[in-house]
Amino acid sequence: MADTTTVKEKAEQKIRMLDIYVTGKRYKVPEGLTIQTALEYCGYNIIRSCGCRAGFCGACGTIYNFTHDPTIRYGLACQTRVEQNMVITQIPFFPAAQPLYNLEDLKPEEGENKLLTLYPDIITCFGCNNCTKTCPQDLEVMEFISDAIRGDIEKVYQKSFDCLMCGLCAARCPQGLQPYNIALAARRLRGAHLTTRPQHNVDRTKEIEKGELDSEIEKLKKADEAELRRRYATREIEPAL
Amino acid sequence: MPYPAYMEESIHKVEATRPRRLEETFSRIPEAEREGLVNEFHPDYKKEYLRELKIGPNKGSPAPDEIADLLEGNSRINPDEVNLDDVDYDVDVLVIGCGGAGGAAALLAEENGARVLLVTKLRLGDANTIGAQAGTQAADRPNDSPILHYLDVMGGGHFTNDPDLVETLVKDAPDAIGWLESLGVNWDKEPDGSYHELSGGGTCRRRMHSCRDYTGLEEMRVIRDEIRQRHMHGRTLDFVEFQPAIELILDDKGQVAGAMLMNLETGEMTIVRAKAVVIATGGMGRIHIQGFPTTNHYGATADGLVLAYRVGCPLIHIDTMQYHPTGAAFPVQILGLLITEKVRTLSAQVINRDGDQFVHPLEARDTEASAIIRECKQRGKGITTPTGEVGVWLDSPMIDIIRGEGTIVRELPAMVRQFARFDIDITKEPMLVYPTLHYQNGGIMIKADASTPVPGLFAAGECEGGVHGRNRLIGNSTLDLFVFGRRAGKSAAKWAREVKLGKLTLDHVRKWQHEIKEAGLESRLVSPMLLPNYARHEKPVPGFHPLGEATAYTPFGDATSRWI
């Protein structure tokens, strides 16, 4: 009997199919998908737990382990590949209650630790390091919480800057702290109060407000396309830094 | 997933030419040749993917098929079943969408005395803003000037931009940067406290303000926090998540008077009466024009264009999209992912399979993208991946060679992390790239105060058009958000103080459905689209389409070809 297997079927035979468990329910998916695309492959229309699909927005925080390995792992669904016997559940939202603040009130007095005023509970951190182990960005979360306790805003800024605010750290903190919000307050405080808007920016803004550039822009706006093209083609290009 | 052996062979050629390329400056494409290149290779110029709109304010002008399908779509509501007297929210200003532009508009409208409702389809801040990496332009260095910025914007846009909008963009820019800093955005700075600014494609000065390569994330998380804090303080700023607008409401004088919302999770309808509406719904990458992968977030489905079009608002430059020159072409899990232009501004070169440069790394985006497409499709000098994608090398290790070890890790932490997740170390090996659908150059027609031709309707951010002409430059999109977002908020608040609303009506929807019928378009999709439907259903139960029909594009590819 002739081999009637089509090219497509032959190709399909080569794909390794994996078993995954979506909130406990088993599906078969081809190897190579991310958790996010695997869910879609299984037929889920995602509404929550999906944002930029590129590892920048923190919408798709996911907890998983394996049928044979109970250790809980953490990742972003859009950035984590599915593996055989993965058991998956998503944490699209975590109820962390932020304290009220006005940015103006965050301005620290000499020697004052505003973060401690705003988040007095941070001193209850006992260093279990679950937050760090949870972070899908591999940030040193527990370290920046210690920096926050000491009032070292610069270090909190440096170490927390790549935080996507997925909230997984807060979900795992036994003391109910919310490291991602604490770090955000520290960074806003730094940006608004510990650094200054540079003079070159202030000067240019004033120059524009006073209308000092208006007549020249008006000329450009009235110039015909040939003249604009000429000026564009002959403009001097500053070398890259 | 490290590179397979045959790709490594090409990488060896790239490594071998590095000493030579250190000395080499590839010349920029002369203006005359540039237009020819773009005409021949840019996806915008493929006429077979454009069609003439049959109804609405842009009737007779061309639009890409995918956008035309949505613009000519059926309404999600039946006006006869809606009781407009049963109003759920009664506010001064309704802002639809919460990326950078919507967020800025909501803050400014509130500051200007309005009672504001901000509604968003996903979470606050789920928008293209958050994925913007490279930076925000503003001509604020002493050797720079808004005049030069103006020239760059016009040249980049092929002189098709609206001069009033460009003037506004470049003049508001330095203050927008300062405003963000006052809210707590941490711009990268030099040791002397001045802004650390980089060049970008098509810019004649260094004027890109950045926050590592997480610029949009930093901008967005600060704005989102400010919105939440103001709301918690009981100020007149409320927000609702997972509740997109599906139709605008007019009054009997033809003024915009609110919107119908849909709770995405429960299907419940909400009626908002508002004296002014700001559309800030962003772009359309998730409709996958010409089947291109995209850098855009999940909700980028052109909803705002549909809403505005149905109340008679014209669109401008809607036939032109931006294909970012460097989307990831390998590994397949991150196909189409944005590789920030900052990689090239930091001096990575673009290299073909033989290890040679074929284009200056900092051409304007349409030019750079066209040159990459030409190298792959016409000259056959691209590298084909095991799954059939084609691309060229972006030689990132050159950055550390030129600027010193550690530069890549310091300046591009997001990129390093993205590729490390797939076992590629971009400090040691190049990235394979190909153009990816990135940005909607055109959109809703606005004036400098962000008002549209429809009274009471304002628009800001990626959903509006005219600012960038037919091609946007790096760092001008995030700038656009804060320049026109702030203006829209202020203008909408002012309009709301003065306007007298008449009786609410959905007659325009009845009229629309009638026009669709007349034009024989009834069988078209329902729009706005809201979310792409990527769910794979082999044997669905009839009638089970929570989000409508599946989109043709699938993010997991064709399992029979892509996953072997």
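Author: A:Cys169 has a relative accessible area of 10%, so A:Cys169 is buried (buried means under 20% relative accessible area, exposed over 50%, partly exposed in between, with a 1.4 Å probe and protein chains only). The model is a predicted one, in which local features need pLDDT of at least 70, side-chain atom pairs count only at pLDDT 80 or more, and totals for chains, interfaces and linings use all residues. Residues are numbered from 1 along each chain as its sequence is written, chains are lettered from A and ligands numbered from 1 in the order in which they are written, and side-chain values use heavy atoms, leaving out hydrogens and water.

Over all chains, the structure holds zero disulfides (a disulfide is a pair of cysteine sulfur atoms within 2.5 Å). A:Cys169 is in no disulfide, and the nearest cysteine sulfur, that of A:Cys166, is 6.3 Å away. A:Cys135 is in no disulfide either; for A:Cys135 the nearest cysteine sulfur is also that of A:Cys166, 6.5 Å away. With a relative accessible area of 12%, A:Cys135 is buried.

Now the sheet. In chain A, five strands form an open sheet with mixed pairing, in the order S2-S1-S5-S3-S4 (strands are DSSP runs of E, at least two residues, numbered from the N terminus; two strands pair if DSSP finds at least two bridges between them). Strands S2 (25–30) and S4 (69–76) of chain A stand at the edges with a single partner strand each, so one side of each has no neighbour in the sheet. Strands S3 (residues 61–66) and S5 (residues 86–90) of chain A pair in the antiparallel sense over five bridges. A:Phe66 has A:Met86 in S5(A) as its bridge partner.

Key. Helix = DSSP H or I, 4+ residues; strand = E, 2+ residues; numbered from the N terminus.
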